[in-house]
Structures are given as C-alpha cells and as structure tokens.
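Try each task before reading on.

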Amino acid sequence: MVEHGQPVKDIEIDSDTSLDKIFNEMSKSGGFESTNLSNGLQILSEMISDKKCLKFLSFVGAIVSTGLRGIIKDMVKREWFDVVITTCGALDHDIARHYSEYKEGSFTMDDRELADKKIHRLGNVLVPMESYGPLIEEKMQSFLEEEYQAGVKEMSTADITKMIGKHLGEDSFLHWANKNNVPVIVPGIMDGAVGSQIWLFSQKHSDFKLNLIADSDTLSGLIFKAKKSGAFMIGGGISKHHTLWWNQFRDGLDYALYITTAQEFDGSLSGALVREAISWGKVAKDAKQATIHAEVTTILPFLFSALLSRLK
C-alpha cells in the first residue's frame, strides 16, 4: 500500500519489464487510478492466499457475453473463490455460449436493422435470437424435466446453477463451479431467460417450487463459520449488494476490491465506493479495500495475468 508522503517516482519500463513489475511501478507513481489498480492487485493476492478467508466473487451477467467469460471460468477453475454471487444473465450467457456462438459487432450498428435480422445487441456483442431465447428454453426445460423425473420438486438457485453446470462443458464457469463444489447463488434469478424458464416449468408442474430461502441458509452456513472474509466485486447492482449484505453479519469484509464505471454522485449502490460500506458494517473499518474506476474487460486480463505471476 502507498504511504503518505512517499515521493512520486517516474515509471520506468523497458522491453524486459514484466507485468508484475509494471504493477509495482504504478504503486509508486502517484498516477491517479493506476494506484488503485496496483493496490487492487495486492489486495487480491493477499485475499486469495489467505487460508482463513472465505472468498466471494461477484459479477454482473453482461461480462459473460464477452471473452471475459474465459477469465471468470479460470478463476473458478483455480478455486480462488469459495462462493459466487451473480445475476441471471450470467447463466443465460454461459448456456448460450456453450451451445452456440455470439458475434463481434459495434456500438454504432443500426438496431432497427438488427431487429429485422433477429439479432440482439449487447453493447458491441451480437446475440443471434436462435442462440438465446429458443436455445435456453429448450435446454432449461430439458434440464428441469430430468431433475423432476428424478424426484426433485424443490430447488434453490444454488441447486439450479449446479444442475446447469452438470450439463455444460469445460468452457463454462458453471461447469467448474459444480466440479469444485463452489455454490453459485443468483438472488435475482427471475430477471432473465433462465428465471423465465423456471417460471414456465412451474406452470406445467404445479408442485415444483423455487426456494430462495435455501440460498440464505447456504450463505449463513458459510458466513457464520468464517474467521475472515473477502470479496472481489465486478460491477454493481444486486450481485455486489448481496455480497456486502451478507458480510455485515460477520462484522464486514476484511478484504474488498470493487471494479466499477458508475459514479457515486447519484447515491446509487453501483456508484458507491467500497469505503461507503464501512458505515453500514458491510466492510470492516480496518479492511484492505480499494475501488478501481475502470471498464472491467480492459482491466481484468492484466489483473489476472499479474495474479498468476504472484500466486504461482
């Protein structure tokens, strides 16, 4: 961490400078956001290495539509985190991209023309209609019917994500979460294609129930046993808040790193810096914490590479 009064030093890089060394250089540069980025690497390194720490990964679903899905998958595969909290879109995209392909596009494409061609646009990612709604409906109805025929009449979101993971391959973060027994909890699961398919399934099977309280039992069982806890939070919204909310019950996170593009001036949860959560008891007063103001697809590949170097 940067000490007050430390001299600002020029960054020195040559053709042999490693990525890890660049992060070290940034920590001494007084370089505005680069200092937070360097601090973030240090926080993640310490958190992942801390054997006594219960480690949370939270992220918004949109990033799973991009190539960042591969890094999310690899972090779960490497067992860097003990529990994942995300949004329904992450499940939608993980299923869709396992069975089909999204396409590269741009932010400036004609959305009326795309609608005529039955193509959805998510920023600069193109999602063919046949790769999304109809495909997810087919797969989810099949997965749920298989569980129902095996006698399962009630599921939590952790059960739903585990079920999906059993059917997907090694390209999927849900596959590795299932394989490594990492619960994936989706507090807002009804807000997406997978959630809609659960509802549709319940219309045909009136004795099938979605049990959200069971997810709270899972989280409480982890939180109340934890000697320490930490979280890497990618993007805001419900996935970030649910992570913070549960950690208030053990006097707050001991490690917290948040990456966001939101601003705090509107009072939003997504814009709130990590340090605001200290006032709510969701982050400990003496926590190692930082907020990185950046678009995560540009930053996380470099953080991940530097983490691989430090954690090896």
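**Exercise 1.** Is L68 buried or exposed? Work out its surroundings too.

*Solution.* Keep in mind that you're looking at a predicted model.
- Step 1: L68 sits in the loop that runs between β1 (53-59) and α3 (69-77).
- Step 2: check the accessible area. The relative value for L68 is 4%, and the cut-off for buried is under 20%, so L68 counts as buried.
- Step 3: look for what it touches. Setting aside neighbours within four places in sequence, L68 contacts I63, V296, T297, L300 and P301.

**Exercise 2.** Now take R69: which residues does R69 touch, not counting residues up to four places away in sequence?

*Solution.* 
- Step 1: R69 belongs to helix α3.
- Step 2: its relative accessible area comes out at 6%, so R69 is buried.
- Step 3: the contact list reads I63, V64, D94, R97, H98, D171 and S172.
- Step 4: pick D94 from that list. The C-alpha atoms of R69 and D94 are 8.0 Å apart, for a sequence separation of 25 residues.
- Step 5: compare with Exercise 1. I63 turns up among the contacts of L68 and among those of R69.

**Exercise 3.** Where is D50, and is D50 buried or exposed?

*Solution.* 
- Step 1: D50 lies in the loop linking α2 (33-49) to β1.
- Step 2: with a relative accessible area of 11%, D50 is buried.
- Step 3: leaving out residues up to four places away in sequence, D50 touches K55, K228 and Y255.

**Exercise 4.** What is phi of E79, and what is phi of N181?

*Solution.* 
- Step 1: E79 has phi near 60°, which is positive although the residue isn't glycine. You'll find E79 in the loop between α3 and β2.
- Step 2: N181 also has a positive phi, near 55°, and is likewise not a glycine. N181 is in the loop between α8 (173-179) and β7.
- Step 3: check the accessibility of N181. Its relative accessible area is 60%, so N181 is exposed.

**Exercise 5.** Zoom out: how many helices and strands does the chain have, and what is its radius of gyration?

*Solution.* 
- Step 1: count 12 helices and 11 strands.
- Step 2: the radius of gyration is 20 Å, close to the 20 Å from the globule rule for 312 residues, so the chain is as compact as a globular protein of that length.
- Step 3: the C-alpha trace spans about 65 × 50 × 40 Å along its principal axes.
- Step 4: buried residues account for 49% of the 312.
- Step 5: of the contacts with a separation of 6 or more, 73% join residues 24 or more positions apart.

Definitions and conventions:
Residues are numbered from 1 along each chain as its sequence is written. This is a predicted model: local features need pLDDT of at least 70, side-chain atom pairs count only at pLDDT 80 or more; totals for chains, interfaces and linings use all residues. Side-chain values use heavy atoms; hydrogens and water are left out. Helices (H or I, at least four residues) and strands (E, at least two) are DSSP runs, numbered from the N terminus. The radius of gyration is taken over C-alpha atoms; the globule rule is 2.2 Å times the number of residues to the power 0.38. Buried means under 20% relative accessible area, exposed over 50%, partly exposed in between (1.4 Å probe, protein chains only). Contact means heavy atoms within 4.5 Å.
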